[in-house]
Amino acid sequence: MIRKLAICSVAWAAMTGSPALAQEIAVKLGVLNDRSGIYADLSGEGSVVAARMAVEDFKAADKGMKVEIISADHQNKPDIGSNIARQWYDVDGVNAILDVPTSSVALAVADITTEKNGVLIDSGAGSTSLTREQCRPTTVHWTYDTAALATGTGAAMTKAGGKKWFFLTADYAFGHSLEENTIRVVENSGGEVVGKVNVPFPAQDFSSFLLQAQGSGADVIGLANAGGDTVNAIKQASEFGITQAGQKMAALLFFVTDVHALGAETAQGLSLTEAFYWDQNDDTRAWSKRFMDIHGAQPTMVQAGVYSGTMAYLAAVEAVGSADDGKAVVAKMKEMEFNDPLFGKVTVRGDGRAIHDMYLFEVKSPDQSEGEWDLYNQISSITGDEAFLPMLDECDFTKM
Amino acid sequence: MFELLGVPPQVLLGQLLLGLINGSFYAVLSLGLAVIFGLLNIINFAHGALYMAGAFAAWMLLHYLGIGYWPALILAPLIVGAFGIVLERTMLSRLYHLDHLYGLLLTFGLALIIQGLFRNYYGISGLPYQIPDLLSGGHNLGFMFLPNYRAWVVAASVLVCFGTWFMIEKTRLGAYLRAATENPILVGAFGVNVPLMIMLTYGFGVALAGFAGVLAAPIYSVNPTMGEQLIIVVFAVVVIGGMGSIMGAIVTGYMLGLIEGLTRVFYPEGSAVVIFVIMAIVLMIKPEGLFGRPA
Amino acid sequence: MAMKDKTIDAAPVVQTAGMPRLHKIIFSLLLAGLIVLPFFVYPVFAMKVMCFALFAAAFNLLLGFGGLLSFGHAAYFGGASYVAAHAAKVWGLTPELSVLCGAAAAGVLGLAIGSLAIRRQGIYFAMVTLAFAQMVYFVALQAEFTGGEDGIQSVPRGDLFGLISLADNIALYFFVLVVTFGGILLLYRIVHSPFGQVLKAIRENEPRAISLGYDVNRYKLIVFTLSATMAGLAGATKSQVFQLSSLTDVHWSMSGEVVLMTLLGGMGTIFGPLVGAAMIVTMQNYLATFGAWVTVIQGVIFVIGVLVFREGIVGVLSRWLKKPL
């Protein structure tokens, strides 16, 4: 009944062409992420905080926009995530869904978003499928993807002399895609793969697999896994004297919160690629301080990406004049060029891939580190064109 | 060089040793479950959560009170045991006259609560806990590098398992316990305080879980899901060994650690499921478990 | 051991010819309510509730009426969900055929696992079902066609009988209503048939049933297979509603969830599982924003349920009214 009433009142407003409604652009954003599981610390409530900060900094209210933010926990389960997304579009009138870590959930939400003509600005998920095999005209993939991480870490480490690689791969689709991407980069950079092992997911004890890696004589042990699995693998590699013996560890998906959980003592010397680190320049430091004051932890690149993506989305909505047609808003985003304090210059490609610089970091040793969160040395930066895979023609929605 | 299915023997030796280390955790945990099942007839689904609580207790002792690993090795199990006693007195004791099923369901609920609370307060990334200085570093055994801490884990678990077995099978107190399992009313008639004994047994069983948690804290990250992943496996261990059989739980714990270790070399993908395959086979052929008495 | 006389607190099954009036009234009211429901409540949510109600009712057939606690029912629910999703997406079958395929696959799986599991009793039975469910989970994780942790996504909603499009939520709702309500009525019929009476006899006193000349194992196997098939029907339908099937459906926590639903509503009652499923699904839906608190609240319900509400909500109602529900 309520739904019908709402439809009636919208129709009424449309017919009478109420001037008050024409001026104010109503936007409803839904932050859909993991609030209780393994990605809760790197996305979770922090992403909601970031989205709120974006709305505040965009000065939406001054520009005649009424922005509302809601959030929910998808528990990393595609069925729960797609259920919430559907309900948000159908019942709650959400215009755009933000964040969505966990590739399986992101892919499910991307489909529903297209069906309902909403917008998905994904920050948390890593799968390259979002802008390739399953590209959609309403998807924007903002922060990173597995290919970019593989390029950053894989190429840099191979060039630095890590020619022989051994992979510990989480035995599920995400792990395999991360491994595959990295192998391609390693081989292109003149390295070789001397072995790999598929580790059941999730796992606590990696000692057996690490020993196999040690025996292989590899220079680099590539960890194609995520979250707690990576933490445990690194912890145990240090325990078994693997890192001390000269083999390097490459974490292919690792976040500042994970490094923080491990501590600099154990994680030192680890190489990893990220799109953002709080201590890069004055802008990132200032923003991160505000974030820290609200949230109590430094932002991850995923949370920073939610901020940056939300700013861009709101700018496009303002330019279009309405948030109702998701496809049109995304098309607008692809025409614009963004420059924000956290990611610098960002453009959105025809397939929805946001292009920006990525950075290779190395974890500081405890005596270099001057605080709990003083964790990274920046080694190099990788331009967006280098980092991300080239666009597939069939996914270029600007040409359709 | 002699190789077995393409694997050099020293690698195999290393893997077997690692399997034994993992088996140590299985043994201590399944021992606790078996003790509880033997006397209380309760399948303690909360065991994994209490193992996790043990690891957290060690972390909290260090973080809030500055109490290090060695005292925590005694204190954390006592804390978990005391918590277990509270659970037994307030809840479990009301279920003894009912089917096993209810004990299982109640402890399943308790596991959800304990885990959920830790998740809410400590997040999911896990908390760091360092290996004590005394045990850092390791030895090169020729075929592998053995961290001292892992060697300690095996030693500690063998000690605890043997101690528990000895107490239950060879002492007077153990004799009362076993008798109370068979016929609580009769034992009570001899003047033994059976409810007190049951309460302390549950406390002891979960204290073992807490002990395993402290052992695990320095090598695995201390996080709220660490028990969730383990509990189902440990169940399988207890069932394979024979429910309620002390010796069965201990031996099967180590043995399955070894089998899992071998699977990790030859078919790593299958190492998460091999225990269930064995459990199904054992239940089909010898339903009372490898060391259990026929019902 | 003195276990035999510690029976499960299930409400007694009534012996009646045909459906008692009270049940007829409740079923009619329920149906009437469900017909108007999608115009007030979000239909996809209502469909989810119905799928889980059927799942819990199927589980209850085994636990409440057969006295067998399976800790691996996710295998049939999830297995069927995968088969149905695959049938609809890859083979291009119509929704009703996909759902039937899923249910049939669950039935075959149930027959195979059941024939091994029923040889064991009590906790061993539960453990065997758990072991096999873990293996099914392993297959779902490893096999090609299940898509690993991505699951099978973008399952088309298709045309019923090749004619009626189910793309619209309301159209799909009525399809789901017919399937689940029909399934629940079928379960009701099974419970109140002579077969159901024998089941009750076995549950209450197995040795006596054997001495009366019943082939107890055959009855157990049949009820196990039926329960698996109906659980499969629920899972297959769910895959059509959400257009996806994923590892959640085969994970052991799903097996735990269905126990919770049945226990909360009242095992061994007709309407209990439906109430339990509705409550749990609603809770999960509306508490989703509270994150991990959902787990805590579920745990609290479990504990309170076991300590003071063993008969479940409907069980308690039934005692007050002095009528089986």
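Visitor: Which residue in β5(A) is the bridge partner of A:Leu120?
Guide: The bridge partner of A:Leu120 in β5(A) is A:Thr139; strands here are DSSP runs of E with at least two residues, helices are runs of H or I with at least four residues, and both are numbered from the N terminus. This is a predicted model, in which local features need pLDDT of at least 70 and side-chain atom pairs count only at pLDDT 80 or more, while totals for chains, interfaces and linings use all residues. Residues are numbered from 1 along each chain as its sequence is written, and chains are lettered from A and ligands numbered from 1 in the order in which they are written.

Visitor: How many bridges are there between β4 and β5(A)?
Guide: Strand β4 of chain A, residues 119-122, pairs with β5(A) over three bridges in the parallel sense, where pairing requires that DSSP finds at least two bridges between two strands.

Visitor: And what order do the strands of that sheet take?
Guide: The open sheet of chain A has five strands in the order β2-β1-β3-β4-β5, with parallel pairing.

Visitor: Why is one side of β2 and of β5 in chain A left without a neighbour in the sheet?
Guide: Because β2 (65-73) and β5 (139-141) of chain A stand at the edges, each has a single partner strand.

Visitor: Which strands does helix α5 of chain A lie across?
Guide: Helix α5(A), residues 103-115, lies across β1 (25-33), β3 (96-99), β4 and β5 of chain A, and runs at about 155 degrees to β4(A); such angles run from 0 to 180 degrees between N-to-C directions, with axes fitted as lines to C-alpha atoms, for helices over the stretch in contact.

Visitor: Switching to chain B, how many of its residues are in contact with chain C?
Guide: In that contact, 34 residues of chain B meet 33 residues of chain C, counting two residues as in contact if their C-beta atoms, placed from the backbone, lie within 7 Å. The largest share of the chain B side, 15 residues, comes from α4(B).

Visitor: What about the side that touches chain A, which helix gives the most there?
Guide: On the side of chain B that touches chain A, α1(B) gives the most, with five residues. The contact as a whole takes 29 residues from chain B and 31 residues from chain A.

Visitor: At what angle do α1(B) and α10(B) cross?
Guide: Their axes cross at roughly 145 degrees and come within 6 Å.
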